[in-house]
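This note is written for a reader who is new to structural description. Please keep the sequence and the structure at hand while working through the numbered points.

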Amino acid sequence: MRGITRETVVELVDRKMLWLFGGLTLITLFIVYLSGNIRGEIAIESSGPADLDTILGTPRYFAAAVYGRVLWLLVFLAVLGTAGLVPRMLERGRAEYYLSKPNSRAAFLASRFLAIWIVYGLLVAVCAGAVAVAGAIVHETSIGGVVFLFVVHLLIMLVWLSITVTVGLLSRSATVALMAAFSVWVAQFLLSFHDRMGGLVTSDVARTTVKLLYYVLPKTSQMAELAVNFAAGRPVETWLPLWSSLLFAGALFSAALWIFKRRDY
Amino acid sequence: MNAIEIQDVTKIFHTGLKNGNIVALDSVTLSVRPGEIFGLLGPNGAGKTTLVKGLLGMLKFTSGEALINGRPPSDPLSRRKAGFLQENPRFPEHLTGLGLVELAGRLSGLSEAEVGEHSVKLLDLVGMGKWADTKVRKYSKGMNQRVGLAQALVSDPEILFLDEPTDGVDPTGKVEIRQVLMLLRDQGKTVFLNSHLLAEVEAVADRVAILSRGKVIRVATVEELTVRECQFEIEAEIGNERIEIPPELGKRLSITSRGMAVALNNPEDINQVIDQLRMRKINIRSVRPARISLEQSFFEAVSQDSGEPL
């Protein structure tokens with residue numbers, strides 16, 4: 001595990017990922033800095049009866065939603081940047097280097113998966129942490145549940161990694177892994193409206209299929225929403241999106257381990 | 001206990017309905033003794049790499065049994081004291097040569113102290129010391145092979161599997177790698193060597209197996225493969241003498257003023273030939289069994305198996 005983790009860090013530095021995440025964080029920090037001035041302008045001009053809270057929601061919810069979007073963007077970049085790591089290390093001529101060592105296949109893949117999650121998760125956490133601290137300083141506010149927001153987004157990343165790693169392992173292609181992840185993302189986003197969709201569909205079979213897909217597929221959009229609500233101090237109606245998505249990731253990764261163990265290289 | 005024991009191993013690749021199945025290994029039985037350099041020869045597609053990959057647990061044999069240091073390939077511990085340099089390695093390009101060897105050490109379960117101690121020493125051994133901090137992506141093919149040999153040696157393996165280790169290496173590098181192999185043999189290590197370069201195998205291997213179309217067609221020492229059992233080269237001052245070999249003994253293959261080559265029906269009959277020469281007062285300098293190169297022996301074995309002429 002230590003060897004694989006160190007290698008993942010070296011690979012991250014070599015692929016200039018630090019520059020990408022650093023650059024994005026600097027741009028976000030600059031926007032946070034500008035947002036301090038924008039708020040001042042609105043405060044001066046909004047002298048009428050309009051209540052900003054009704055437009056923007058409570059400031060705490062607004063801040064949580066903004067941090068949530070920043071985290072989502074960073075997680076999206078991390079998933080995009082790591083989709084090729086597993087297929088590349090199992091290319092012919094390279095797989096032999098790793099698989100000839102005295103480790104079980106399961107331990108090897110689990111180490112790689114966890115190393116990617118830990119290393120890129122830390123990178124996301126550091127960048128998002130910098131934005132959160134800057135936001136708190138500029139706006140002189142803090143979000144109580146910011147840590148929870150971070151944790152849930154790292155779990156969202158774990159769910160997406162389980163898809164890219166499994167599909168990457170099966171297809172040996174980063175492109176296919178990303179396409180699969182994107183398809184699942186679109187599907188889960190649409191299925192987050194399953195109640196309304198169910199009302200529109202007349203066929204029982206179609207309604208059951210929609211419901212089934214909703215429960216089977218991960219619900220990362222709803223996880224993000226849940227995290228923002230919790231961080232803003234709003235009530236969380238159901239924890240189903242969180243645990244069922246983690247269950248999905250666990251089941252998918254177990255399938256990946258099972259396939260990897262049986263494959264010839 | 002043998003270092004490597006292979007019993008009736010078969011590997012069939014299923015390629016789909018249209019193409020049918022490919023039998024890559026067909027009832028292969030071999031054993032490699034501890035401390036010997038064992039050469040595995042065979043034309044392209046003979047199944048050499050498949051056999052090594054199966055022994056290292058990278059693919060599963062369809063049937064049969066194999067043991068590495070007494071453990072089956074499915075047990076990761078069978079690779080605890082095994083090193084491997086693959087054919088055409090494509091090592092992680094983001095690592096330096098030193099990083100690559102260090103990672104191999106960590107993956108093999110070495111402590112940080114051991115990793116540090118072994119890595120630099122091994123890079124020096126394979127002549128890559130001064131390129132240790134250069135990224136692998138900048139290495140030539142030969143440098144890749146050298147650094148690959150260093151990573152294969154990092155866990156101080158008892159068995160070393162080398163698949164075309166000198167492929168792309170310059171002549172000096174080949175000699176250096178050969179010296180490393182001899183050093184390993186002196187240290188009592190077992191080396192399983194896959195190579196197309198027959199001269200190289202002939203120079204270092206103790207025993208050789210020839211694999212053709214997935215089957216072992218010959219297992220012998222290099223000596224046995226290269227010596228013509230009933231043929232002899234006699235170095236003698238023959239001059240203009242006409243020497244005939246009685247047909248019941250065999251026949252003369254060639255003759256010059258400095259010697260002759262004979263093929264006998266029975267190797268014991270060489271004494272009668274020597275007696276005949278001595279009776280004619282011909283001065284004999286040496287009598288030795290006729291030899292062929294391993295290459296020639298290999299081609300003969302493969303062409304016999306395939307039924308095609310050389």
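1. Two strands are said to pair if DSSP finds at least two bridges between them. With that definition in mind, please turn to chain B of this predicted model. There, 6 strands form an open sheet in the order β5-β6-β7-β3-β8-β9, and the pairing is mixed. Its edges are held by β5 (82-85) and β9 (215-221) of chain B, each of which pairs on one side only. On average, and ignoring direction, neighbouring strands of this sheet are turned by 15° against each other.

2. Strand β3 (residues 37-41) of chain B runs parallel to strand β8 (residues 207-212) of chain B, and 4 bridges join the two. Which residue of β8(B) stands opposite B:G39? It is B:V208.

3. Helices also pack on the sheet. Helix α1 (residues 48-55) of chain B touches β3, β5, β6 (159-163), β7 (190-194) and β8 of chain B. The direction of this helix makes about 145° with that of β7(B). Helix α4 (residues 141-153) of chain B packs on the sheet as well, touching β5 and β6 of chain B. The direction of α4(B) makes about 165° with that of β5(B).

4. Chain B contains a further open sheet, built from 3 strands in the order β2-β1-β4 with antiparallel pairing. Strands β2 (21-32) and β4 (63-68) of chain B have a single partner strand each, so one side of each is left without a neighbour in the sheet. Neighbouring strands here are turned by 25° against each other on average, direction ignored. Strand β1 (residues 4-14) of chain B is joined to β4(B) by 5 bridges, and the two run antiparallel. B:I6 stands opposite B:A66 in β4(B).

5. The next points concern helices. Two packed helices are described by the angle between their axes and the distance between the axes. In chain A, helix α1 (residues 2-14) packs against helix α7 (residues 105-139) at an angle of about 45°, with the axes 9 Å apart. The two helices are therefore oblique to each other. Their crossing is right-handed.

6. Which residues of α1(A) and α7(A) meet? On the side of α1(A) they include A:I4, A:V9, A:E11 and A:L12, and on the side of α7(A) they include A:F108, A:R112, A:I116 and A:L123. By class, this contact has 9 nonpolar, 3 polar and 3 charged residues.

7. A:R112 forms a salt bridge with A:E11, and the closest N and O atoms are 2.8 Å apart. The pair connects distant parts of the chain, since A:R112 lies in helix α7 of chain A and A:E11 in helix α1 of chain A, 101 residues apart. Over all chains, a search of the whole structure finds 29 salt bridges.

8. Helix α7(A) has another packing partner to consider. Helix α4 (residues 59-82) of chain A packs with α7(A) at an angle of about 155°, the axes being 10 Å apart. Angles over 145 degrees count as roughly antiparallel, which makes α4(A) roughly antiparallel to α7(A). The crossing is right-handed.

9. In the contact of α4(A) with α7(A), the residues of α4(A) include A:Y67, A:L71 and A:L74, while those of α7(A) include A:Y120, A:C127 and A:V131.

Methods: Residues are numbered from 1 along each chain as its sequence is written. Chains are lettered from A and ligands numbered from 1 in the order in which they are written. This is a predicted model: local features need pLDDT of at least 70, side-chain atom pairs count only at pLDDT 80 or more; totals for chains, interfaces and linings use all residues. Side-chain values use heavy atoms; hydrogens and water are left out. Axes are lines fitted to C-alpha atoms, for helices over the stretch in contact, and angles run from 0 to 180 degrees between N-to-C directions. Angles under 35 degrees count as roughly parallel, over 145 as roughly antiparallel, 65 to 115 as roughly perpendicular and the rest as oblique. A crossing is left-handed if the near helix is turned anticlockwise from the far one by less than a right angle, and right-handed if clockwise. Contact means heavy atoms within 4.5 Å. Ala, Val, Leu, Ile, Met, Phe, Trp, Tyr, Cys and Pro count as nonpolar, Asp, Glu, Lys and Arg as charged, and the others, Gly among them, as polar. A salt bridge is a side-chain nitrogen of Lys or Arg within 4 Å of a carboxyl oxygen of Asp or Glu.
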